[in-house]
Amino acid sequence: MTDFFTIALSFPTVIFSFLLVVVAVYWLTVITGLFEADDDATWLGLGGVPAGVTLSLLIALAWLLCLIGSVLAPAGALIAVPFAAVALAWLAVRGLLTPLRRLFPDGDTRSRGDFVGQMCVIRTGTATPDFGQAEVTAADGSSAVVQVRTTGQDRLARGDNALIFEYDKDGEFFWVMPYESGH
C-alpha cells in the first residue's frame with residue numbers, strides 16, 4: 001500500500017492526484033446542492049454530457065493512466081507520461097461520450113415565459129385580480145391550463161379571450177388583459 005501512495009504522490013501522478021481531490025470536492029458540493037452539473041464541455045470537443053461528468057472522467061482516467069505510466073515508463077521518459085495520459089484519457093472519454101449522451105438528452109428548453117404574448121381562453125367562471133385559470137396553446141400545439149390574474153377593473157368570464165402580457169415569477173401566475181380578435 002505504501003508503494004501505491006508513493007507513486008500517487010510523486011511526479012508525475014501527483015498532478016492528477018491533486019486534480020482528483022478537486023473532482024471529489026466538486027462532486028460533494030454538487031451532492032449538497034451548491035452547484036449544478038449542467039454546463040457542457042464543448043470547448044474541449046467533448047460536448048453532449050455535463051462538463052462536470054466529462055471533466056471528472058477525463059481527470060480520473062488521466063490519473064489512472066499516469067499512475068500506470070509512472071510504474072511502467074523508464075525514469076527518463078517520466079516527463080512524457082502526463083501528456084500521454086491526458087491524450088489517451090481524452091480519446092477514451094470521447095469514446096465513452098457516445099453512450100453517455102443517451103443518459104443526458106437535451107433538456108426541454110421551454111419555459112413559462114414562452115407563453116407571454118400568447119392568446120389564452122379563460123376556463124374558470126371568472127378571472128379577476130385575485131383568481132383565474134386559462135388555457136393557452138404552445139407553439140408545438142400542446143395546451144396547458146395556467147393561473148392568470150387581471151389588472152385593475154378587468155373581469156373576464158369563462159370562454160373570453162385574453163392576452164398574456166407578463167409572467168409573475170413570485171406568484172407563479174400570468175397577467176392577462178381582454179383580447180378582441182380581429183374576426
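Pro178 belongs to strand 9, which spans residues 173–178; helices (H or I, at least four residues) and strands (E, at least two) are DSSP runs, numbered from the N terminus. The model is a predicted one: local features require pLDDT of at least 70 and side-chain atom pairs pLDDT 80 or more, while totals for chains, interfaces and linings use all residues. Residues are numbered from 1 along each chain as its sequence is written, and side-chain values rest on heavy atoms, with hydrogens and water left out.

With a relative accessibility of 37%, Pro178 counts as partly exposed; buried denotes under 20% relative accessible area, exposed over 50%, and partly exposed the range in between (1.4 Å probe, protein chains only). Apart from neighbours within four places in sequence, Pro178 contacts Asp154, Leu156, Asn161 and Ala162, contact meaning heavy atoms within 4.5 Å. Glu166 is twelve residues from Pro178 in sequence, and their C-alpha atoms lie 13 Å apart in space. In the loop between strand 8 (161–168) and strand 9 is Glu172, a residue other than glycine with a positive phi, near 55°.

## Domain arrangement

The domain assignment divides the protein into domain 1 (1–103) and domain 2 (118–178); such bounds come from an automatic or database domain assignment. Taken over C-alpha atoms, the centres of domain 1 and domain 2 are separated by 51 Å. A further distance is that from Phe131 to Gly33: these residues are 98 positions apart along the chain, and their C-alpha atoms are 34 Å apart.

One salt bridge is present in the structure, the term denoting a side-chain nitrogen of Lys or Arg within 4 Å of a carboxyl oxygen of Asp or Glu. The partners are Arg123 and Glu135, whose closest N and O atoms are 2.8 Å apart. This pair links distant parts of the chain, twelve residues apart: Arg123 is in the loop between strand 3 (119–122) and strand 4 (126–127), and Glu135 is in strand 5 (residues 133–137). Arg123 is partly exposed at 38% relative accessible area, and Glu135 is likewise partly exposed at 26%.

Phe131 occupies the loop between strand 4 and strand 5. Its relative accessible area of 43% makes Phe131 partly exposed. Beyond its neighbours within four places in sequence, Phe131 is in contact with Thr124, Thr126, Val148 and Arg149.

## Helix 2 and its packing

Helix 2 (13–32) contains 20 residues and extends 29 Å from its first C-alpha to its last, close to the 28 Å expected at 1.5 Å a residue. The expected span is 1.5 Å times one less than the number of residues in the helix. Thr13, Phe16, Ser17, Val23, Thr29 and Val30 are buried in helix 2. The buried residues of this helix pack against helix 1, helix 3 (51–72) and helix 4 (81–101).

Ser17, located in helix 2, is buried with a relative accessible area of 11%. Ala8 and Trp63 are touched by Ser17, when residues up to four places away in sequence are not counted. Just after helix 2, Gly33 adopts a positive phi of about 90°. The loop between helix 1 and helix 2 contains Pro12, which is joined to Phe11 by a cis peptide bond with omega of about 5°.

## Helix 4

Helix 4 has 21 residues and spans 29 Å between its first and last C-alpha atoms, close to the 30 Å expected at 1.5 Å a residue. Its buried residues are Val81, Pro82, Ala85, Ala89, Val93, Leu97 and Leu100. Helix 2, strand 2 (46–50) and helix 3 are among the elements that cover them.

## A nonpolar surface patch

Helix 1 (2–8) and helix 2 each contribute at least two residues to the nonpolar patch. Phe5 lies in helix 1 and is partly exposed, with a relative accessible area of 44%.
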